[in-house]
Number of protein chains: 2
Amino acid sequence: MKILIPGRIIVKKFVGLSAFPLTPLFQDQVDESALIGLVKRLRCAGVDSIAVLGSTGSYMYLNRSERARVAQLAVEHAANVPVIVGVGAMRTSQVLEHIDDAVAAGAKGLLLAPVGYQKLGDQEVLDLFRAATEHSDLPVIVYDNPGTTHFTFSNDLYARIAQIPGIASIKIPGVPEDPIKAKEHVDAIRRILPPHVSIGVSGDSSGAAGLIAGCDAWYTAVGGTIPQPMLEITRAAQSGDALRAVEISQSLEPLWSLFSKFGGSLRISAAIAEYFELVEANCLPLPVQGLNSEQREELVKVLGQLGLDEKLGHQANTGK
Amino acid sequence: MKILIPGRIIVKKFVGLSAFPLTPLFQDQVDESALIGLVKRLRCAGVDSIAVLGSTGSYMYLNRSERARVAQLAVEHAANVPVIVGVGAMRTSQVLEHIDDAVAAGAKGLLLAPVGYQKLGDQEVLDLFRAATEHSDLPVIVYDNPGTTHFTFSNDLYARIAQIPGIASIKIPGVPEDPIKAKEHVDAIRRILPPHVSIGVSGDSSGAAGLIAGCDAWYTAVGGTIPQPMLEITRAAQSGDALRAVEISQSLEPLWSLFSKFGGSLRISAAIAEYFELVEANCLPLPVQGLNSEQREELVKVLGQLGLDEKLGHQANTGK
């Protein structure tokens, strides 16, 4: 996306659909062939970027060498689709090591959440982002995921971090359901960011609403496993057809409702990938367990009801 | 502590004062000589056990080899004082690796918190404790620390976990301030635990209240740096002199009030250790920063006011 302001062109990085694949495990090891299959599937679907080692990619459960390998494989098989690599870790020095590995792999961007065991303060988080941006030339996406990090960003902190050279995007949690409030919410963040910093919405049920409210990107978790409907929503919103974007998103309501019911997108994404045999059974890192059999039945019913069943089955066969 | 019930003697493990030393860093490396100094200091003070790699020992910030080394050094320098090693990690397989290292080091017990990036359910936590207890013969302490893990145990879950062979103790968060409510709280937990499972209170300002309410142990964070007052409280409570225990704890009120004011015990423990030159400056793992200079001044004033200043200065010189 290019923004013309007097005297210069500002190119925003990270716009459109950024899809977050799982890092599937098999017997507690990264399942490399399944990971490659998921990455290829996203490339073939035509997503705008692929973000490995996000929350959906279980970054906090993997050790350094596993993470380096995931980054390497993703870049190798994403071909011309830019790969973003999650580099969050408990300790700043570990974040810098992950950045080294992402650079070596050929990543095009870094995703950094302020992960904490001890509760972090604003200054600590600001200094973390400063250290990360100074460590490489790769653009950094600020990963605001309060549900997992338990850190809450204020708009003021967004603004302070976004001033740091190297910050390219803010990944915000969902937006309010009401379209007017969603627009106000995104506008308020937009006003305090430099023009080159993009805003990306996450929280899959908020994707359409976020894009319509003016977000530049949609960082989608479940879209890492089923990209097609999320791409349709994104392309509709990008072409200005807000009504169509909302329609598609609303048609997925039975799926969105399972997100709150089953506690988030990771277990659902894994169950979908397992159902379509894109990955082996029990692909999540223990102690995290997958959905139970009753939940899986309900999910499969919803997939069938939405017609995703057939579409995905087909994609599953061609993508891998 | 021995409990006589018909036909057998039950020996409770982990009673009295269990002190949690910092794992001090220097230039992002474990400061081994400072760690040894802290461990020796606790041994000389006469604590009942030393728990390394608890939250105060920054376990979640250290990698496997660092953690193995800390366990090894602690056992080596604790002499006859039993050493408990924190083995919590994001992934079950990592927990098992840390258990292997703790066993190899000669630990006498394991401390395990259900750490989560993804929110865990009760069954997942139960299975984690089952895997940990089955992996070695060392007794396991259930580490309930909702402020850092964001996992909330119910009494029902305590009961289910405590049934697992190998579970030796539950480390509960603070107890209610009111002595009657504190007693009811501890009694309610006691009733659902097998008799060999001890209850240990944490939350330093709750130590006296917890012991008086019937807890068997006090798992103390700041007592890992200043053991003396915590030992006096513990010995008073153990000898049945509840009044004396409360008196000492109340005299420390200016210190306790800083815990809530400055956000927990880790940064305060580190600032005390730095002030007495038991460790180098900035001994915490970044991004966690120490107290700012204003907070340090306030802390030093409180230490002086409590007479801990002189006592500790003396201990600092002899302990190392």
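The conversation below takes up helix packing, the barrels, the contact between the chains and some backbone details of a predicted model.

Trainee: What makes H2(A) roughly parallel to H3(A)?
Mentor: The axes of helix H2 (residues 64-78) and helix H3 (residues 92-105) of chain A cross at roughly 25° and come within 9 Å. Angles under 35 degrees count as roughly parallel, and therefore H2(A) is described as roughly parallel to H3(A). The crossing itself is right-handed.

Trainee: Which residues of H2(A) and H3(A) meet?
Mentor: On the side of H2(A) they are A:Arg64, A:Arg67, A:Ala68, A:Ala71, A:Gln72 and A:Val75, and on the side of H3(A) they are A:Glu97, A:His98, A:Asp100, A:Asp101 and A:Ala105. By class this contact divides into 4 nonpolar, 2 polar and 5 charged residues.

Trainee: Why are H12(B) and H13(B) called roughly perpendicular to each other?
Mentor: Helix H12 (residues 265-275) and helix H13 (residues 293-305) of chain B pack at an angle of about 75°, and their axes are 11 Å apart. The range for roughly perpendicular is 65 to 115 degrees, so H12(B) and H13(B) receive that name. B:Ile268, B:Ala271, B:Ile272, B:Glu274 and B:Tyr275 in H12(B) meet B:Arg296, B:Leu299, B:Val300 and B:Leu303 in H13(B). The classes in this contact are 7 nonpolar, no polar and 2 charged residues.

Trainee: What makes H10(B) oblique to H11(B)?
Mentor: Helix H10 (residues 242-251) and helix H11 (residues 253-261) of chain B pack at an angle of about 60°, with their axes 5 Å apart. Since the bands are under 35 degrees for roughly parallel, over 145 for roughly antiparallel and 65 to 115 for roughly perpendicular, with the rest counted as oblique, H10(B) is therefore oblique to H11(B). B:Ser249, B:Gln250 and B:Ser251 of H10(B) make the contact with B:Glu253, B:Pro254 and B:Trp256 of H11(B). That contact has 2 nonpolar, 3 polar and 1 charged residues.

Trainee: How do you know that the 8 strands of chain A close into a barrel, and in what order?
Mentor: The order is E3-E6-E7-E8-E9-E10-E11-E12 in chain A, with parallel pairing, and neighbouring strands of this sheet are turned by 25° against each other on average, direction ignored. Where E3(A) meets E12(A), 4 bridges join strand E3 (residues 16-19) of chain A to E12(A), and the two run parallel. A:Ala19 stands opposite A:Thr220 in E12(A). Towards E6(A), 2 bridges join E3(A) to strand E6 (residues 49-52) of chain A, again in a parallel run, and the partner of A:Ala19 in E6(A) is A:Ile50.

Trainee: What makes E11(A) and E12(A) a pair?
Mentor: At least two bridges are needed for two strands to pair. Strand E11 (residues 198-201) and strand E12 (residues 217-220) of chain A have 2 bridges, in the parallel sense, and A:Val201 stands opposite A:Trp218 in E12(A).

Trainee: Which strands form the closed barrel of chain B?
Mentor: The barrel of chain B has 8 strands and runs E3-E6-E7-E8-E9-E10-E11-E12, with parallel pairing. Within it, 3 bridges join strand E6 (residues 49-52) to strand E7 (residues 83-86) of chain B, and B:Val52 has B:Val85 as its bridge partner in E7(B). Helix H9 (residues 227-238) of chain B lies across E3(B) and E12(B), running at about 160° to E3(B).

Trainee: How many residues of chain B are in contact with chain A?
Mentor: In chain B there are 34, in contact with 35 residues of chain A. The area buried between the chains is about 3200 Å², of which carbon and sulfur atoms give 48%. In chain B, B:Tyr61, B:Arg91 and B:Tyr117 lose the most area to chain A, together 28% of what that side buries.

Trainee: What backbone details remain, and why would one remark on them?
Mentor: They are remarked on because most residues other than glycine have a negative phi, and most peptide bonds are trans. The bond from A:Leu286 to A:Pro287 is cis, with omega near 15°, and A:Pro287 lies in the loop between H12 and H13 of chain A. In chain B, a cis bond joins B:Leu286 and B:Pro287, with omega about 15°. B:Asp28 is not a glycine, yet has a positive phi of about 65°, and sits in the loop between strand E4 (25-26) and strand E5 (29-30) of chain B.

Technical notes:
Residues are numbered from 1 along each chain as its sequence is written. Chains are lettered from A and ligands numbered from 1 in the order in which they are written. This is a predicted model: local features need pLDDT of at least 70, side-chain atom pairs count only at pLDDT 80 or more; totals for chains, interfaces and linings use all residues. Side-chain values use heavy atoms; hydrogens and water are left out. Axes are lines fitted to C-alpha atoms, for helices over the stretch in contact, and angles run from 0 to 180 degrees between N-to-C directions. A crossing is left-handed if the near helix is turned anticlockwise from the far one by less than a right angle, and right-handed if clockwise. Contact means heavy atoms within 4.5 Å. Ala, Val, Leu, Ile, Met, Phe, Trp, Tyr, Cys and Pro count as nonpolar, Asp, Glu, Lys and Arg as charged, and the others, Gly among them, as polar. Buried area is the accessible area (1.4 Å probe) that two parts lose on being put together, summed over both.
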